[in-house]
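Subject: The structure we talked about

Hello,

Here is the structure for you to look through. Open it first, then read my notes below.

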Amino acid sequence: MDLRRVNNTEKLAMCRKYFFAGFFVLPFLWVVNSVWFFKEAFRKPHYTEQADIRSYVIRSMIGAVIWLAIIITWVIFYQTKRVEWGSFGDSLLFIIPYGSA
Amino acid sequence: MAALRQRCSLWLLTILMFCLYWNPAGSVRTKTKIYIDLKTQSACFRTFNGTHQMGCASSQSGNVGIVYYIQKSEDFDWILNDGPHAPYIVVMDTKDFIGDNVRRLYKRSDRVTGIMVISLPPKNDNSSSWPQDGFSISDSCPNDQAGLYRDSKVYGGCKKTKWNLPGSGLIREDLGIPVFALSDESDVDKILKKCFFKFNERDNGSSRGYPLCAAELKIQMFGAVDTEVCLRRSNQAFSLLPGSIICDPMGDKNNHVTMMNTPQNETRANDSVIIVGARMDSTALFTLEYRSSDTCVSGFVTLLAAMEALWRVKNMIRNTAGAKDIMFAFFHGESYDYIGSSSMVYSMQQGTFPQDLNSDRDDLHLHNIDLQHIHQFVELNQVGYRDKGSLWMHTDPDNRRAKQAQIKNMIDGLKAATQGLNVSLQEADQTQPLPPASSQRFLMERADIPVVVVTDHQAEYTNKFYNSRLDLAEFINATDYPPGLTEAEKYDFVTTQAEMISELATALARYLYEASTGVAPDPNVKDTLTANTSTVTHMLYCFLVSPNCELLKEIVPHYNSESLETALLPYPFYVGIHGDQSQISALIYNLMARFTGELVDLDESHCKTDDHDKRYSYLYVQGNKVGSGKDRQGWCIKSLVQDSDAYSPAFQIDDYDWKSGKYSTWSESRWAKDSLKVRLFLVPSPHLQLLTLLSGLVVLLLSMIITYLIAKRSGEIFQQQQPSEQQPTSG
């Protein structure tokens with residue numbers, strides 16, 4: 001979809017949809033939202049809907065950063081502690097590590 | 001013009017296709033020019049018990065190191081401390097491959113990433129090819145924690161007698177690096193002549209420069225940690241996916257046969273069954289290198305020969321009033337914490353021994369045998385050697401105190417049975433405990449069964465190669481053929497060991513006759529109760545030299561005949577995993593049927609167990625040759641031979657406590673078909689490698705710059721041809 005061909009009201013509607021959909025544990029929608037509408041929100045000359053679009057983009061960016069922090073923390077925690085967790089750590093495995101603990 | 005161009009390109013294409021299919025030069029893959037592959041698949045693999053992981057494994061892509069062949073003891077220090085090209089892959093001779101040396105190497109995994117042992121049969125009868133003090137992968141007190149004395153303060157830990165002095169304990173250690181055995185001449189040639197002596201050998205103490213010959217050893221094991229974790233992971237993944245089961249419990253089948261056919265609706269009195277037992281298995285470090293002569297073959301062949309002799313008078317025994325039942329039992333998996341005997345004891349306690357059938361129907365099956373029915377237990381351990389010219393009878397001191405009279409009867413009876421025979425049985429020291437033996441598991445559950453264990457050692461093992469690939473037939477004189485015999489002649493030649501075993505088997509048969517009937521055999525019966533030396537030497541040949549022998553061909557079904565004929569080595573004596581029955585236990589089952597059963601006139605499709613009398617098992621085998629061609633008679637054998645699972649109760653009990661050590665918890669890791677590999681290649685110096693990388697990067701950079709410049713000035717370099725519609729194309 002080429003944003004240049006879409007009118008402003010539709011752009012605002014899409015940005016809003018992506019923002020709210022991201023609350024359903026879909027942080028990548030927020031990332032997409034921030035990247036895709038970045039130019040619209042900050043670089044383009046002013047138009048009516050731009051303020052709203054800007055607020056949605058900022059909130060999406062904040063959401064994405066929070067999620068990134070959560071994911072990084074969990075990955076570090078799991079990778080370092082899984083072997084210690086024994087049976088519980090194994091139950092979280094999807095692919096069994098061959099030949100090592 | 002265009003048509004001509006078209007035809008030209010068509011011709012070119014045809015010629016190209018032709019060249020691709022007919023390639024006189026023979027295309028070669030680049031990797032065959034870089035790597036030399038070794039044939040060996042004899043790797044030490046990973047095993048587990050309830051608490052530890054043991055054995056060998058490499059990283060998933062293989063361990064790489066510079067090859068170094070140890071020729072003198074200073075080489076160890078050089079590899080561990082001075083060699084500049086660490087890590088190394090060490091190649092050593094069999095005589096150096098002993099516990100201490102292996103430990104020195106694998107504990108420095110930063111300097112040693114793999115080991116290979118040269119394991120060729122010696123060219124001359126040179127005893128310096130073997131480790132001087134023997135070699136055994138078991139520890140010096142085998143199966144101590146699984147046996148009768150594990151909690152004993154007086155006898156535990158071999159305080160009185162260290163049984164297995166050459167024991168290295170490698171069976172219980174996590175070597176962590178790949179270890180291979182090289183038993184193929186061409187492999188040894190490649191690694192020594194083409195690799196080590198050509199590139200890596202030190203000249204006058206200083207190391208050679210690059211390029212050096214390196215080896216990559218791959219032993220890719222799937223499982224890790226211990227049996228509990230490994231099984232849990234195997235069960236949790238989708239078992240339909242390949243590669244999701246990563247380890248298997250060890251196990252096999254036990255074989256047993258009773259003299260009487262007591263059905264379940266008659267009574268079996270307490271203390272009415274004499275058990276005679278031996279083990280069928282041994283173990284070694286490397287897969288495909290399982291040899292055994294004294295460790296298990298001597299024992300079970302003696303038992304089979306005694307069985308064959310005893311069953312000649314089966315009607316006399318069965319018709320004697322009050323005769324005790326005799327059960328011959330063969331256990332598998334004894335090297336791994338008594339898998340077979342603990343399994344049999346457990347099934348006795350569950351009431352499922354010898355047949356696991358429910359008795360709510362009218363059909364007959366064998367009356368169960370429980371621990372209280374056992375009158376005495378005679379076990380044959382290693383009986384191939386002689387210690388001071390004699391075999392020795394061992395008893396447990398506490399057991400002896402409890403059953404003074406019975407044990408004395410047993411010992412006197414056994415000694416008396418050797419009268420007139422060329423075998424000597426003496427009593428071992430009465431304060432000495434039992435050596436590692438299957439009967440220990442029975443004593444653990446019922447301490448007042450009188451037990452006598454017959455072995456070829458008075459105190460420490462005479463066998464210097466217990467549980468090792470070096471437990472060779474030559475050492476027990478089982479292959480002392482005069483030179484120049486053909487295979488068929490070797491098969492019939494009665495070896496020294498065959499005679500020794502025959503004498504012992506005869507004594508055992510005579511003892512059992514008297515122990516069961518209570519009456520000494522009269523001279524006619526005594527003569528009948530003589531082991532057949534021809535059968536004994538045939539069995540030794542089939543199990544120690546080659547399975548391609550007449551005795552085995554007679555007792556296998558026709559679909560197994562090809563396997564016998566194409567076998568290059570004797571069948572392995574390792575227990576293997578449960579569910580994958582070993583050839584040894586299957587062949588022993590069939591031999592037992594042949595020796596104790598009767599031929600019935602049924603054809604193959606009718607030769608199966610009767611619906612109403614399940615005591616008897618039916619077996620259809622090839623039989624002996626008819627005429628001079630390939631035809632065989634075909635026999636249907638009806639016998640009382642049974643088999644039962646040799647499967648540790650640890651895997652059968654729900655919520656078994658894996659750390660308790662009550663039962664064997666041994667399991668084996670799985671691996672893929674291409675998981676075991678050794679290959680050799682040259683490595684250049686690190687400087688050369690860096691130079692190659694840098695020049696590659698420079699070329700990349702230059703080509704990017706040149707392409708950019710050309711693209712920018714493409715208008716000047718290439719004349720643009722304007723397409724013109726008016727010009728007719730020239731034909």
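One point before the findings: UniProt positions are given here in the numbering used for this structure, feature names are shortened, and annotations may be inferred rather than shown by experiment. Keep in mind too that this is a predicted model.

**Transmembrane annotations**

UniProt, in an unreviewed entry, places a "transmembrane region" at residues 690-711 of chain B. In the model, that stretch of chain B is 100% helix and 0% strand. Its end C-alpha atoms lie 32 Å apart.

Chain A carries the "transmembrane region" annotation as well, again from an unreviewed UniProt entry, at residues 18-38 and 58-78. Look at these two in turn. Residues 58-78 of chain A are 100% helix and 0% strand, with 30 Å between the end C-alpha atoms. Residues 18-38 of chain A are 71% helix and 0% strand. Here the end C-alpha atoms are 14 Å apart.

**Where chain B meets chain A**

How many residues of chain B are in contact with chain A? There are 15, and they touch 12 residues of chain A. The area buried between the chains is about 1,000 Å². Carbon and sulfur atoms give 49% of that area. Three residues stand out on the chain B side: B:R232, B:R233 and B:Q236 supply 50% of the area that chain B buries against chain A, more than any other three residues.

Now the charges. Side chains of opposite charge can pair when their charged atoms come close. Between chain B and chain A there are two salt bridges. One of them joins the side chains of B:R233 and A:D90, at 3.1 Å from N to O.

**Inside chain B**

Chain B is divided into three parts. Domain 1 is built from 31-128, 168-250 and 654-683. Domain 2 covers 251-647, and domain 3 covers 694-718.

Take domains 1 and 2 of chain B. Their centres, taken over C-alpha atoms, are 36 Å apart. In the contact between them, 24 residues of domain 1 meet 22 residues of domain 2. Together the two domains bury about 2,000 Å², and 62% of it is on carbon and sulfur atoms. On the domain 1 side, B:M250, B:Y663 and B:S664 lose the most area to domain 2, together 28% of what that side buries.

One salt bridge is found across this domain interface. The side chains of B:R172 and B:D337 also meet in a salt bridge, 3.1 Å from N to O. The count of residue pairs in polar contact between domains 1 and 2 is 11, both residues being at pLDDT 80 or more. Strands β7 (179-182) and β9 (247-249) of chain B each supply at least two residues to the side of domain 1 that touches domain 2. β7(B) gives the most, with three residues. That side of domain 1 divides into 14 nonpolar, six polar and four charged residues.

Over all chains, a search of the whole structure finds 34 salt bridges. Look up the one between the side chains of B:K659 and B:D226, at 3.9 Å from N to O. The pair links distant parts of the chain, 433 residues apart. B:K659 sits in the loop between β20 (642-647) and β21 (667-669) of chain B. B:D226 sits in the loop between β8 (212-219) and α6 of chain B.

Most residues other than glycine have a negative phi, and most peptide bonds are trans.

- A cis peptide bond joins B:Y210 and B:P211, with omega about 0°. B:P211 lies in the loop between α5 (185-200) and β8 of chain B.
- B:F353 and B:P354 are joined by a cis peptide bond, with omega about 0°. B:P354 is in the loop between α9 (339-350) and β13 (374-380) of chain B.
- B:N477 is not a glycine, yet its phi is positive, about 55°. Its place is in the loop between β16 (451-455) and α13 (487-492) of chain B.

Best wishes

Conventions. Residues numbered from 1 in each chain as written. Chains lettered and ligands numbered in written order. Predicted model: local features only at pLDDT ≥ 70, side-chain atom pairs only at ≥ 80, totals over all residues. Heavy atoms only, no water. Contact = heavy atoms within 4.5 Å. Buried area = accessible area lost by both parts, 1.4 Å probe. Salt bridge = Lys/Arg side-chain N within 4 Å of Asp/Glu carboxyl O. Helix = DSSP H or I, 4+ residues; strand = E, 2+ residues; numbered from the N terminus. Domains from an automatic or database assignment. Polar contact = N/O pair within 3.5 Å; in protein donor to acceptor, adjacent residues only side chain to side chain. Nonpolar A, V, L, I, M, F, W, Y, C, P; charged D, E, K, R; others polar.
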